[in-house]
Number of protein chains: 2
Amino acid sequence: MTPSHQAAVEAAGEAVDLERRLLAGERRALARAMSLVEDGRPEGERLLRDLFARTGAAHRVGVTGPPGAGKSTLVEKLVLVARADGMSVGVLAVDPTSPFTGGALLGDRVRMGALAGDPGVFIRSMATRGSLGGLAAASVELADLLDAQGRQLILVETVGVGQSELEVARAADTTVVVLTPESGDGIQAMKAGLLEAGDVFVVNKADRGGADKLRRSLEATLSWRELPDGAWRPPVLNAAAVKGEGVTAVADAVAAHRAHLQATGAWDLLRRERWRTRVRSIVNRRLARRLWGDPETEAILEQALADGARSPYEAADAVLDSLVGPAANG
Amino acid sequence: MTPSHQAAVEAAGEAVDLERRLLAGERRALARAMSLVEDGRPEGERLLRDLFARTGAAHRVGVTGPPGAGKSTLVEKLVLVARADGMSVGVLAVDPTSPFTGGALLGDRVRMGALAGDPGVFIRSMATRGSLGGLAAASVELADLLDAQGRQLILVETVGVGQSELEVARAADTTVVVLTPESGDGIQAMKAGLLEAGDVFVVNKADRGGADKLRRSLEATLSWRELPDGAWRPPVLNAAAVKGEGVTAVADAVAAHRAHLQATGAWDLLRRERWRTRVRSIVNRRLARRLWGDPETEAILEQALADGARSPYEAADAVLDSLVGPAANG
């Protein structure tokens, strides 16, 4: 056995071992697998490929809203409710302003620390490095790992301000939109497309006044939508997450939405759609990896640039020809 | 000559005629060409391909900032300054909250109407329909048409809140970031990555107080950046665009940035980079058109779904195999 052959065998053995430990519920194996995936390592992709058949059972819940709406506090309280019901939970924090991700006050961090001490909860902060499109893809992959480990509830916290963040939310079964009565959140939410994205709306910090007004205006706006009979009607709930008020009602609404999805077949449909989106993003990623930075493509581009005013359309033709052959490139 | 052959000859004749009229400076030809491009018509792409060699001379200036910062008012005043200097100008409004695009007050619209009466100014609002990634690509293509017609200054107004909007700004030679002393614009701008994107900063509505404080804090933040000798140092300028105050200084800073780009060679470098980005987006668009919705791809996906737990990675392999052949798909 050559040394490189031996190294490959050892790596394969390690991968099998990692998969086994992850499936056995080991937290450290989960953390290691997540790092492999986040770093774009081939072992990470192999794991995702092998574990895919074991995913699909978890309820994936996106929690989104503007910065300062109290999303992470609500997430923390929802975790406590789920834990009291004996559920195993995973949390992914994609929000750069979240205390999970480390952008906030010491008091918040201490609270999160207490939560992290519970073995039934696994929390992972995702760096918003690189493109946000990549982030959406990565958050789905990390959720797969949590799902494969048998975690029944996966909460993904994002900031609902941009198109790309909405994509993260769209990968969820249930999207909880958290707003506060302050600072025109309602208007901002509409602009950001959050009203269309939400399955459950939470008017948080409801103890501060103005909550009922916002709730009524959200309800009025939502009621304009024409929905078929039997469609899910997103509830609007008041809460004061920091005091724990209204949190059980939110958890109940989230569970009711899950039951609705399962009763109508939307649960399976969502998984099929998500699978299609995954295929597409994997294909795009592979094509990007093959095409850009590749010496052959680079030579084509350099030649076109050297030719002077050659249009990007002609150069694109040449790049595609190099990928699929001139005959196939119609 | 068969009827379909005749139709093709007529279409080709019309395209040549459209190109000729566009190059002769006709506004209606420009508007028609823009519609062809926005609608994704093949004639639009042919035009862009043919006209590409005539682009590159225009100064492309992105004007971005949060909603309500007064971007369109500043754009209008910058147009007036440029017109007084005898420059031919194009304006693209990609901001859904802009009065150009129709999201604002009647008073604003009337002002814009006055500007639109000047034959040396061409204004186009871009719908934010479809994906914002597509919007960034489309705005570059419309700018190409303005550029090919010999318009010397192209102003592109966007809202600087999301990643995708920043991409629009990145396609510019010079990015002007407009902020107001109100409502924590400075903090928001930092979060949105606007501080890194800006070449010229404008503290607008400077007559309302708080402007000097914001200006000093922006200057302090910008001064933290380590820049090589001779690098462009983004100025921070106070303005009250609605009164016309400070606008000439902004126009001068924009012109100075252009001169700096040209003196350092960055002007040509930007064009090469932009060309590369264009090639990439054209290739991606063509691959997407070929792969998704294609019956062969659809059959592969349906088969994989029918197989049950086949992972998206395996399905992606199959889709890529169908594109480039199994041997080439490494």
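**View 1. Strands S6 and S7 of chain A run side by side in a predicted model**. Within S7(A), A:Leu237 is the bridge partner of A:Val202. Strand S6 (residues 200-203) of chain A and S7(A) run parallel and are joined by 3 bridges; strands here are DSSP runs (E, at least two residues), and helices are runs of H or I with at least four, numbered from the N terminus.

**View 2. The sheet of chain A is open and parallel**. Its 7 strands follow the order S3-S2-S4-S1-S5-S6-S7, where two strands pair if DSSP finds at least two bridges between them. Strand S3 (121-125) and strand S7 (236-238) of chain A are the edge strands, each pairing on one side only, and the twist averages 20° from one strand to the next.

**View 3. Helix H11 of chain A packs on the sheet**. H11 (residues 247-264) touches S1, S5, S6 and S7 of chain A, contact meaning heavy atoms within 4.5 Å. The direction of H11 makes about 150° with that of S5(A), on a scale from 0 to 180 degrees between N-to-C directions, with axes fitted to C-alpha atoms, for helices over the stretch in contact.

**View 4. A helix of chain A crosses a helix of chain B**. The axes of H14 (residues 312-324) of chain A and H12 (residues 266-291) of chain B come within 8 Å and cross at roughly 55°. That angle makes H14(A) oblique to H12(B), a word for angles that are not under 35 degrees (roughly parallel), over 145 (roughly antiparallel) or 65 to 115 (roughly perpendicular).

**Notes.** Residues are numbered from 1 along each chain as its sequence is written, and chains are lettered from A in the order in which they are written. In this predicted model local features need pLDDT of at least 70, side-chain atom pairs count only at pLDDT 80 or more, and totals for chains, interfaces and linings use all residues, while side-chain values use heavy atoms, leaving out hydrogens and water.
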